[in-house]
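These are my notes from one sitting with the structure. I wrote down each item as I looked it up.

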Amino acid sequence: MNNFISPAIADVMLGLMYLAIAAAILTTAFSVWHGLRFRRKGDDVVNGVPAGKIGWIVAIGFVICLVLTFAMASTTPIMTNGQLLTDTFWLRVADMFIYTSIILIIGCFVSAIVSRFRS
C-alpha cells in the first residue's frame, strides 16, 4: 500500500524547476558565446595574470569533474516515496551533481585558505 500523497502543487513546482533549469542553461550558453565572440586578444593576460588560461582550465576541469563523478556514481537502487528507484541513469546523474558540488565546495575552501596565507 502506498501511504504517500503527492502535494497539490507538485506539478507546478516541477514545471517551475524545469523552467529555472532551462533559463540557467540558456543564460550559461549565451554567456559563453558572448564571452568567446567579443573577447579581444589582449584579454588573455590581465595585470600579469593569465586570465584566459585560468578560465579554460576551470571550464575544462569542471567538465572533467562532471564526467568522472558520473562514471564513478552508484547505481544501487534506492527507496523513494515507498517505491524502488532503479533507473541507473538518474541515479548516476543525482550522484554526479552531489559529488561535483562537494568537490567544488572543498575546492573553494582550499583556495580561500591558500589565498589567505599567500597574501
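How many Å separate the centres of domain 1 and domain 2, taken over C-alpha atoms? I read 19 Å between the two centres. The model is predicted, and I kept that in mind throughout.

**Domains.** I took the division as given: domain 1 covers residues 1-38, and domain 2 covers 40-118.

**Second largest pocket.** I looked up the volume of the second largest pocket and noted about 270 Å³. I found 12 residues lining this pocket, with Val 32, Leu 36, Gly 55, Trp 56 and Ala 59 the closest to its centre. I then asked which elements give two or more residues to the lining. I noted α1 (10-37) and α2 (51-71). The largest share of the lining is from α2, which gives 5 residues. Sorting the lining residues by type, I got 5 nonpolar, 4 polar and 3 charged. I also checked the lining against the domain division: domain 1 (1-38) and domain 2 (40-118) each supply at least three residues.

**Record against model.** I opened the UniProt entry, which is unreviewed, and found "transmembrane region" listed for residues 12-33, 54-76 and 96-114. I followed two of these spans in the model. For residues 54-76 I recorded 78% helix and 0% strand, with the end C-alpha atoms 37 Å apart. For residues 96-114 I recorded 100% helix and 0% strand, and here the end C-alpha atoms lie 27 Å apart.

**Cysteines.** How many disulfides does the structure hold? I counted 0. Cys 65 is in no disulfide, and the nearest cysteine sulfur to it belongs to Cys 108, 12 Å away. Cys 108 is likewise in no disulfide, and its nearest cysteine sulfur is that of Cys 65.

I looked at Asp 11 and placed it in helix α1. Asp 11 counts as exposed because its relative accessibility is 67%, and exposed requires over 50%. I also took the C-alpha distance from Asp 11 to Trp 90, which is 79 residues away along the chain, and wrote down 19 Å. Met 13 is in helix α1 too. I listed Met 13 as partly exposed because its relative accessible area is 42%. From Met 13 to Arg 37 I noted 36 Å in space, C-alpha to C-alpha, over 24 residues in sequence.

Methods. Residues numbered from 1 in each chain as written. Predicted model: local features only at pLDDT ≥ 70, side-chain atom pairs only at ≥ 80, totals over all residues. Heavy atoms only, no water. 1 Å grid on protein atoms, 1.4 Å probe; cavity = no way out; pocket = protein on both sides within 12 Å on 5 of 7 lines; lining within 4 Å. Points joined across faces, edges and corners; volume = space filled by probe spheres on them. Helix = DSSP H or I, 4+ residues; strand = E, 2+ residues; numbered from the N terminus. Nonpolar A, V, L, I, M, F, W, Y, C, P; charged D, E, K, R; others polar. Domains from an automatic or database assignment. UniProt positions renumbered as here; feature names shortened; annotations may be inferred. Disulfide = S-S within 2.5 Å. Buried < 20%, exposed > 50% of the residue type's maximum accessible area, 1.4 Å probe, protein only.
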